[in-house]
Amino acid sequence: MKFFLTGSFIAIIILIVLFSYRQNIFSTTALPYDDEQQGLDDQITIHFSHVVAENTPKGAAAEKFKELVEEKSNGKVVVQIYPNGMLYNDENELDALRENKVQMIAPTISKMTGTLPNWQVLDLPFIIENNEQLKLVLNGQISKSLLQELEGINVKGLTFWNNGFKQIASTSPIIDIEQFKGKRIRMMASDILHEQYKLLDAKPIATSFGVVYSDLQQEVVDAQENTISNIYSKQFHTMENQITLSNHGILAYAVMMNKDFWGSLDADIQKIITDSLAEMQDWQFEQAEEFNKEDLLYLKANSDVQIYELDVETKNEWKEKLQPIYSHYENHINEHYLDDLLDEINNRIE
Ligand code: SIN
């Protein structure tokens, strides 16, 4: 028995030595050069997190940005995209950005209003009425001032992307103003949106985008406001199949980076990023229109979905009911932004 144990022990030692020799563990010479590793030390990775599907205006814009930046930098900058809230959701993506856990996000304007209340100006209903005005405003002076406010929270604001106009999707029709009464309406977390639904006698419920589908399944909400592309890409219409084309508000994205990360980039890389965003800006706005148009056609072709248009008279009733919201913004949030926005829309500011 003693001989057997000693023999086994010696055999194991010999096997370990032979294995280590084959694996070069005792070798003092350097490993051969692997040219796939070349340049990896210099590579810059931008982790870009967002909460919507890839086949949406924001999802497609993130992909386009990646393509342009990687091409212009000859692969020195890599953009890694995490869609569908797979990494961070509405509630934690801004913190993740500020802590540099990701370097880039593009939340909706509404979701920034808790941190920067002035931003509620772009959540006000029935101010921006068509795509030309929307483009003017998102590329204009007010938007620049709003992006500038991000500096105070360690964030570099880069630009705004667009996802068009919000509509009302519900389980039973909401056309006349009285039909809002008592309805539990899912909206993005924004005080002014809360105020809007209070004025309409509804019950506003603020939730993260990631839970809308399950909230609908569990019947804890009766309706929501969103763009057609968000409704269609997440199949919300399978549960909320009554859609009113109200165009009452806009949904836009603030594209932003961690400020320290931005500051650590060489000027030529910063230029590649800003040039890429500038180059794709018109394309992004066209895509937003296109996605919403195409997705509406799919919904119209679906016989289970009812689409309603607001006639002028009904729309005016909505507007009248919502009238106090403008003085609420001016009295409680900011007395200048709304006037500036109206001036900008009326083209009085160059
Ligand atoms: C998004 O478009 O990023 C989400 C919008 C929402 O939360 O409704």
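Visitor: How far is an oxygen atom of the ligand from an N or O atom in the side chain of Asn226?
Guide: In this predicted model, Asn226 belongs to the residues around the ligand, a group that also includes Lys58, Arg186 and Tyr253. Between an N or O atom in the side chain of Asn226 and an oxygen atom of the ligand, the distance is 2.9 Å.

Visitor: Which residue has a polar side-chain atom that lies 2.6 Å from an oxygen atom of the ligand?
Guide: Asn230 also places a polar side-chain atom by a ligand oxygen, but there the distance is 2.9 Å. The residue with a polar side-chain atom 2.6 Å from an oxygen atom of the ligand is Lys111.

Visitor: How much of the ligand's accessible area does the protein cover?
Guide: Around the ligand stand twelve named positions, among them Val51, Thr108, Met188, Phe209 and Leu251. On its own the ligand has 260 Å² of accessible area, and the share of this that the protein covers is 100%.

Visitor: Is Asp222 buried or exposed?
Guide: Asp222 is found in the loop between α7 (212-217) and β7 (223-226). Leaving aside residues up to four places away in sequence, Asp222 touches Ala169, Ser170, Thr171, Gly182, Lys183, Arg184 and Glu240. Because its relative accessible area is 15% and the cut-off is under 20%, Asp222 counts as buried.

Visitor: With which side chain does the side chain of Asp222 make a polar contact?
Guide: Among the residues that Asp222 touches are Lys183, Arg184 and Glu240. The polar contact, at 2.7 Å, joins the side chain of Asp222 to that of Arg184.

Visitor: How many aromatic pairs does a search of the whole structure find, and how is the pair of Phe48 and Trp161 classed?
Guide: The search of the whole structure finds seven aromatic pairs. In one of them, Phe48 and Trp161 lie 6.2 Å apart, centre to centre, with 35 degrees between the planes. This pair links strand β1 (residues 44-49), which holds Phe48, to strand β4 (residues 155-170), which holds Trp161, across 113 residues. Since planes under 30 degrees apart count as stacked and those over 60 as edge-to-face, the pair is classed as tilted.

Visitor: Over the ring of which residue does the charged end of Lys64 sit?
Guide: The charged end of Lys64 is 5.1 Å from the centre of the ring concerned, and a distance within 6 Å is one of the requirements for such a placement. The ring belongs to Trp283.

Conventions: Residues are numbered from 1 along each chain as its sequence is written. This is a predicted model: local features need pLDDT of at least 70, side-chain atom pairs count only at pLDDT 80 or more; totals for chains, interfaces and linings use all residues. Side-chain values use heavy atoms; hydrogens and water are left out. Rings of Phe, Tyr and Trp (its six-membered ring) pair if their centres lie within 6.5 Å; planes under 30 degrees apart count as stacked, over 60 as edge-to-face and the rest as tilted. Helices (H or I, at least four residues) and strands (E, at least two) are DSSP runs, numbered from the N terminus. A charge sits over a ring if NZ of Lys or CZ of Arg is within 6 Å of the ring centre and within 35 degrees of the ring normal. A residue is near a molecule or strand if one of its heavy atoms lies within 4 Å of it. A polar contact is a pair of N or O atoms within 3.5 Å; within protein, one must be able to donate a hydrogen and the other to accept it, and residues adjacent in sequence count only if both atoms are side-chain atoms. Accessible areas come from the Shrake-Rupley method with a 1.4 Å probe; for residues, only the protein chains shown count as cover. Buried means under 20% relative accessible area, exposed over 50%, partly exposed in between (1.4 Å probe, protein chains only). Contact means heavy atoms within 4.5 Å.
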